[in-house]
Every structure is written in C-alpha cells, then in structure tokens.
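Hi everyone, thanks for making time.

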Amino acid sequence: MPPDERSSTTQAASRPTLPGRTDAVARLENVIGRARSGVSGVTVVRGDAGLGKSTLLGIAARAAQDLIVVRCRGIESEQSMPYAGLHLLCSTVRTDLTELSGPQAAAMAKAFGRAEGDADPFLVGLATVSVLTAAARHRPALWLIDDAQWLDDQSAAALAFVLRRLDGSPVSAVVSTRSTGDDQFAEFPDLHLTGLTDTDARSLLRTASFGRIDDIVLERIVAESRGNPRTLLHVAAEVTSATFAAGYGLAPNPILSPERLRALTARMAGLDPDQRLLLVLAAADSTGDPALLWRASEILGIDRRLASAAENQGLLRLGTHVLFPEPAERTAVYRSATAGERADVHRALADATGTPDRRTWHLACASAEPNDALALELELQAAGVGSRLGQAGAAAFLERSALLTSEGQLRAERALAAADARFEAGSAADCAQMLITAALGQLDEPGRAHLDHHRARLAFSARRNGPAAEQLLQTAQALHQLDEPSAGEGFLEALVAATHAGRLGPGVDVVANKLPGDRVVDGLVGHLLEGLTARFASGFRDGCRVLTPPPVSTTDPEPADRRWRWLRSWIAADLWDDAGWERLSTQAVGSTRETGSLMRLPYALSSACLAQLHLGHFEQAQQLAEEIAAVATSTHVPSYPSGALLLAGWIGDEQAAVVLMDSARRDARHRGEGAVLSTVALSAAVLYNGLGRYDAAFDAARDAAARDELVTFGWALVELIEAASRTGRPDLASAAFTELDERTTIAGSDWALGIQARSRALVTEGPDAEPLYQEAIERLSRSAVRTHLARSQLVYGEWLRRRGRRLDARGQLRAAWESLDAMGATAFAGRAHREHLATGEKVASLVSGHGRRPLTPQETRIAALAREGLTNPEIGERLYLSPRTVEYHLHKVFEKLSISSRRDLIHAIGQPLDADGTDP
C-alpha cells in the first residue's frame, strides 16, 4: 500500500508496518495475485518462533478478502492425535462430507472416528482434494495453514498430498512452519524468514513503542533480541511501564513460559554466590556496557573470569554488549535476586558509572530509606532526563525523589509533581498511586487544590463526560481563587472536557459562561482560552476574530504552549484553514511524541488522522487511526474513535462501518461522551450520502448538526445540505445553508468558500447553479482538501447529466471517479462510476478475458507511460502522483495482467496506448 493512497478494492485492508519483510509480503501478494487469476501455487514460510510467520499470514488474509480464505493452524496438544489437524481444516471449510463418493466418504468417516477400521491414506488424500477444491467452486480460494509443525503426521501427509494436486484448480496455499525443511512440505517452494537486521529492528522497536528509549539501551535491546520481532514487540509493549523508566530500569514482567522461568530460577539457585551476583549485576545495568560490568565487578570483588564461565554455560553473551540470551531473561534474573543483592549491585554500578544521572539512579535503586540529599539530586536531574527521554524518564526520577523524601510537605509536593509527569506519560494507575502518596503528606491549601485538580484529570481520562467537565471547572476555579498560574490550563481543560461531553454534558456554552471575564494567563494557553470562550459564549464570528491569527512566538514555546499545540490544530479545522490544519496537526504529533506525552498524543493523532482523510490520504489516516487504538491499549484509557469513524464513513463499506458505529455509540453512551455520538451521526451521514441513500443520510446529518460542536458541526451542515436537497426538502437545505454561509464567509479560505459555493449550488434551481459548481471546483482545486474537490466534481457531473449534457458530464464524473477510487472512497467512487456509465461512455480497459480484472483508468494511464519507458518519478510528474503511488499502481497492473516486470507490458498490452487509455 502506498502511504498516500488507498485502493478501493476489498483487498485494500490496512497492512501493519512490518520492517524487513517487504520482500516476503511481495512474495505472498504474488501468490494471491496468481490465485485471483486462477493459477494455483504453494509457498511454505519457514522460520523460528517469533519471526513473524503468523503476522505474514494475517497480512495475506486481509489482502485476499475478495477470495475464499480458509485459515487454520496446527495445535500442539493435538499433535499425537491422528487426523486431528485434517478434521480442523475440513471443519473450517464447512463442506458437507456426505457429498463425497462412497469410498472417499468411508475413508473420511474412519479418519474422523465415525466408523471403525483404519483409514486408507490414499483415499483420505483424495477425499481431502474433493473437500477443499469444492470450496473454491464459485471463486478462487487461498488456504492459510499456520503452525504446520504441530500437525499430526497423518494430517500433514494428507495436506501435502492435496498440495501436489492443485494444478488446474483456482486454489493457492501458504503454509507456515518452524521446520527447516525436513518435513512433508520439503518439496514445495519455501520462504525462509530470518531475524531482522539491526536497522529494521531499531525501526520496529521505535515505531511499536510509544515511550522514548535511551539510545544506548535501545542498542542493547536490539542486540539481545537477535532480530526477533516478537521479542522486540514484547519489549516495546513495556516501554511505557513505570519500572522500565525510559530505559533506566527493566521491563516489569519477564515474558518467559512458566517452565523456562522455573528452570532459570533453579539454575540461578545452584550457582556459586559470586557468579550469581555477577549475573544480577549484569541484569541491573540496562545499558549492557562491558567496561561498566568489569569496573563494578572489581568493586564487588568478583573475579571477572566468572563472566567467561557464565558465557560457556550459556547464561551470558559477551562482546560489544553484555547480553542475556534474550531480554526477558535479564528481567527474570534481576527479579530473582534478593533485596540485598540488588542494593549491592546498584551501589557498585553507581560507583563505577561515569554518567551523573545513571549514578543517581543506581543510588536511588540501592536506597531503602529516606535520603533527602539524593531526593534533591533526583528532582534536579528530572528535567534534563525528561528533555532527553520524555515524560516517562522525568516521572521515574520525580517518583523516586518523592519516595526518598523524609519531610512531609516536601514529599507530598514532589509526589504531586511525579503524579503530573506520570499522567502526561500515560500511566494513569501510577499517577493515582502518587496522588495517594501526596494525600498522605502535609499539603497546604494550594497543594490540596492541585491534588483535587489532578484527581479531576484522572476522572476525565477514564470517562470524558459531563461530571468530569464540571469537576475540572470547579478545581480550576479553586486554583484561580488561590491565584495559581495553572488555573488557566485548568479552565482550558474544563472547556475541552465540555466539548467531549457534548450533548450529554452541561453544554460548552454553559461552561464558557462560567469562566472568568479577565485574561487568566498569557501565551498560547491564554489565547486559546479566550478564543474558545468567545467561540462558545458569543458565537463563531467572535471566536474566529480572536483565534485568527494565532500568536507567533519569537522564542522557544513554553512547556504549557507545547502541551496545547494539538488543540490549536483542531481549531484550524474548525476555522476551515486546511493549510494550517495540515501543518499544525503534523507539528502537534511531532511535538507530543518528542515530549512523550501519551495522554495528549491521541488528541494530536486524531487531528492528524482527520486532516489526512480530508487530504485524500486514506492509507495514512488508517495508520494513524490504528496508532490511536494502540495508544489507548497501552495507556488503558478509552480510545478516541473520531478518525476511525469518519474514515469508515468515507470508505463506504456499510457493514464494517455500521459495526464500528454501533460499538462506538454503545461505548459513548456508557461513558457519557456526547461528542462521539455526534461523530457517529456525521459518519453515518457521509456513508449514506456516498451510497446514495439520502433519506438515511438526512436523518443522520440532522442528528449530527443538532448542536454547535467544535469542528464537526460545520461538516454536518455540508452533509445535511446535500441530503436535504436530494430528498425534496429545499426549506431545510436552505436553512442549513444559511448557517453554513455565515461561517464559511467569516472563515474566507478556499476550502470554506469552495464548500460554500458547492452547497449554494445544491440549493439553487436552474442554470444559475452552474457557475457556482465551477467556482467550487476552482476554489477547492487551490485547496488541499482533495476529498471535497472530488465530491464537487461528482455533484457537478450529476447536475450536468440530469440536464442532458452527457458529454460535459463525462469529464467531471470520470475525474471524480478516478480520484475517489484512488483515495479509497468506495461508496462515492461507486456513485460516480454509476453516473459515469449513465452518460453512455464505455470505460476502456487494457485487457479483457476470462479470469482477468480490468484495469482502472488510473492504472491504464500508468501502464501506458511505463510501457513507453518512463520511470516512476517521471510518471508521477506527468500525473501529479508520488513515485510510491506510481509503484503501487504498477504493482496492481502486474498483478491483474499476471506479469512481473515492465518488459512484460509490451506483450501484455499488445499495442501502445496513450496516457488517457485510448488507442493512438
């Protein structure tokens, strides 16, 4: 999949990022492509556990959704049961075994224990051929057999028997196994997976983890994992944990089987005390620095020759790093140590290291009692660690500082600071623990107000509802009465909370009217607070006047300003500023990732997701939506579904969209998050407008536009105008346009005025509508919102066709169809395609014939130019596409034509074509 376009076909399901497996994915896609063409094929994916075999089969399953996909796996506990694997496979196919011939049916009955006697392996094999090929009688099939190493011998033999006889059947198979080749599938083409390269391992670890990792620790993890993706993903999942401490500590739970853990513990118990202490010392140093190990060993009086003995026993690997067989064993060794052993090795590491913050960290790990000097040192170093490793690093130092502080009030104040850092880092549970520590201390009145405010933030993170918004408002008012500088952010948080509560909360206007009339704080926070207050208390015009343009800082922004960049990007969307929205959302994601603020990252990602959606980059939007869900899983807070919901509406797969909308609606009602209900309604309006079911779109759009909510209200008006105009409700369409007209005129961007012109055209009768459609297309072509440009071409083409101007309509409808199809907006693309066909034009394809799918117009153009010898960048320059997008479309061309190179285009096409897909 390209990063900036999404195929409209059903096999265009999102592909997870899998560094180092590009060639393997391409190989499986070739198998799938051949299957679509009715050409059978078998590939056996081989590799050790954790190298990504199952992930590759999952990618193949999603890429082959237009085929019959049969997927099952071997089960280790059933390996000794004859024909157990075959029974599972046939159950998955759900073919009626009574359709088999007499001898084959009898053999299968014996194999599956339904009749007495030994099954004839040959007849079982023939019966399996009949069962599995019958499943592909209506369309090609792909079999995916995972963990074949656990298949019983009889099932493996039967399956291999079938795979040898696939020639001429529209069936392909991918089998995965840990075996190196001495098995029933040795004769088939195989694909050997090995560990990732260091570069790919770093990429996977960085993209899969949401916290930041010290570079030296990252290098040790990469070396220790030996390129195993599963090991790297286990580590990535723990990066945000409190005990990992951004790389100062270790993952909290060793990912070892109970048997391996027991064996390792027993082995540790049987070691010489000095050798055991050496292993604990190596485990306690997360950097894996050999020189540090030798210095610390000398301090402890440990003979360094014991390290060589440990290496000979397979307990350590010595080289540029001190490594355990895998990262989980490092954690298990450390956890097996006594408290005294841990204290001894941490003190030795503190004396041996030359890095100030690591020295302080090890001293803190060795300290069981309060130490005010060390607590102060931790507090002073927290800011520097945070700037290097994000909020998680700062939180770790602040938390230990609080726990080592003896004086009650200071301990409570430091606990509050640690709680704030833990919250920003996405560790709500750790934040709650530090708030308990703070509450047990001696807080003054401002301290208690801050404690209450942090509790309100925690409540909002769990349930973004009306009570949480009111609680945040009350705590902000208390801070304001005490003249605390953080009151400004508190009021802004209350406003944001009210926007989330939406129709189920007190109302954003109600909260806005309760805010102080004077400016509470300067900088971006003050600007946003003043502008949003005006936006909801006085109206869109006053809000726009205050919020446009945003303040420009001539110095490095304050931390509070950086924390609220994501909100600035949302406001750009509300103000129809497409260029600002794209820029600010990108900056907000980068800034939030840099600071490691996982609680704010979903806000920034949601804005960026919706921006990419409106820019027509559905694949990028999908990746961002998946990252939002992953962050929610990592932080254990409810997800932010707005991006996924609207993306589903635009894609137009009704079944998938309705399932997602129903789930989001249930969750939102449970939490009291009214804004999600509005987004669900907006998504439904987009979906049904795309499908041409305008009555359903009207009901959904009217629901979405029932309240003036940030960003979504203006978009809901657009959908309402189109749906109302298509269902014979001109008065309601005109009323919605009056509201939209005021807002878009105030905003004044090409996006706003283009949408305004298109919407005015929809409510205009007769020939006066045409210049409005043309104005909309002209303005939107100057904007970045490709989705709305394509929709404007669609509605203009529909208008032209209905007035009998079929030739004029064809250009608009074809342009709309191609753009929407390339984006992946399948419902709108289908609507445009139907209208295009209604003009009487036949859509040309490069090839035709049984079993081959026609090329899309975009693929036709690209294939024609590639046949002439143009490179991908040259084709992209001609057609205003990125080289990667060209590469993607060429891959689809090769797949449809069953060819593998540009040279084959000469023979596959037959004669040259112009870039518009017509004969010269």
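This is a predicted model: local features need pLDDT of at least 70, side-chain atom pairs count only at pLDDT 80 or more; totals for chains, interfaces and linings use all residues.

**A walk through the chain**

Which residues of α6 are the buried ones? They are Ser-155, Ala-156 and Ala-158, and then the run Leu-159, Ala-160, Phe-161, Val-162 and Leu-163. And what do they pack against? On the strand side there are β1 (41-46), β3 (141-146) and β4 (171-177), and on the helix side α3 (84-93) and α5 (121-134).

Let's follow one of those partners. Val-129 sits in helix α5, and with a relative accessibility of 17% it counts as buried, because the cut-off for that is under 20%. Setting aside neighbours within four places in sequence, Val-129 is in contact with Phe-161 and Val-162, and also with Ala-134 and Arg-165. Leu-163 is 34 residues away from Val-129 in sequence, yet their C-alpha atoms are 8.5 Å apart.

While we're in this part of the chain, have a look at Tyr-83. You'll find Tyr-83 in the loop between β2 (68-73) and α3. Its phi is positive, about 65 degrees, although Tyr-83 is not a glycine. Buried or exposed, would you say? Tyr-83 is buried, at 11% relative accessible area.

There's another residue like that further along. Val-711, in the loop between α34 (694-704) and α35 (712-726), also isn't a glycine and has a positive phi, near 75 degrees. Val-711 counts as buried too, with a relative accessibility of 2%.

**Zooming out**

Okay, now the whole chain. How many helices and strands are there? The chain has 45 helices and seven strands. If you draw a box around the C-alpha atoms along the principal axes, you get roughly 90 × 85 × 55 Å.

Of the 920 residues, 56% are buried. The accessible surface is about 37,300 Å², and carbon and sulfur atoms account for 50% of that. On the charge side, I see 98 positive and 115 negative side chains, with the centres of the two sets 4 Å apart. And if you take contacts between residues at least 6 apart in sequence, 69% of them join residues at least 24 apart.

**What's inside**

A quick bit of background: in soluble globular proteins, nonpolar side chains tend to be buried together. Here, the largest nonpolar core has 132 residues, and the members that touch the most others are Trp-566, Leu-567, Trp-715 and Leu-820. Which helix gives the largest share of this core? That's α33, residues 674-691, with ten residues. There is also a second, separate core of 39 residues, and Cys-90, Met-108, Val-131 and Leu-132 are in it.

Leaving out residues up to four places away in sequence, Leu-567 touches Leu-492, Val-496, Leu-528 and Leu-532.

**A few more stops**

Leu-435 is in helix α19, residues 428-439, and is buried at 4% relative accessible area. Beyond its neighbours within four places in sequence, Leu-435 has contacts including Leu-416, Ala-419, Leu-451 and Leu-458. Asp-452 is 17 residues from Leu-435 along the sequence, and the C-alpha distance between the two is 9.3 Å.

Next, Gly-247, which you'll find in the loop between α9 (229-238) and α10 (258-269). How accessible is Gly-247? Its relative accessible area is 0%, so it is buried. Apart from neighbours within four places in sequence, Gly-247 is in contact with Val-217, Ser-286 and Arg-358. Gly-247 and Arg-212 are 35 residues apart in sequence, with 8.2 Å between their C-alpha atoms.

Last stop: Asp-667, in helix α32, residues 654-671. Asp-667 is partly exposed, because its relative accessible area of 40% falls between the 20% and 50% cut-offs. Ser-639 is 28 residues away along the chain, and the C-alpha atoms of Asp-667 and Ser-639 are separated by 9.8 Å.

Methods: Residues are numbered from 1 along each chain as its sequence is written. Side-chain values use heavy atoms; hydrogens and water are left out. Helices (H or I, at least four residues) and strands (E, at least two) are DSSP runs, numbered from the N terminus. Buried means under 20% relative accessible area, exposed over 50%, partly exposed in between (1.4 Å probe, protein chains only). Contact means heavy atoms within 4.5 Å. Accessible areas come from the Shrake-Rupley method with a 1.4 Å probe; for residues, only the protein chains shown count as cover. Lys and Arg count as positive and Asp and Glu as negative; His and the chain ends are not counted. The place of a charge is taken as NZ of Lys, CZ of Arg, CG of Asp or CD of Glu. A nonpolar core is a set of buried Ala, Val, Leu, Ile, Met, Phe, Trp, Tyr and Cys residues joined through side-chain atoms within 4.5 Å.
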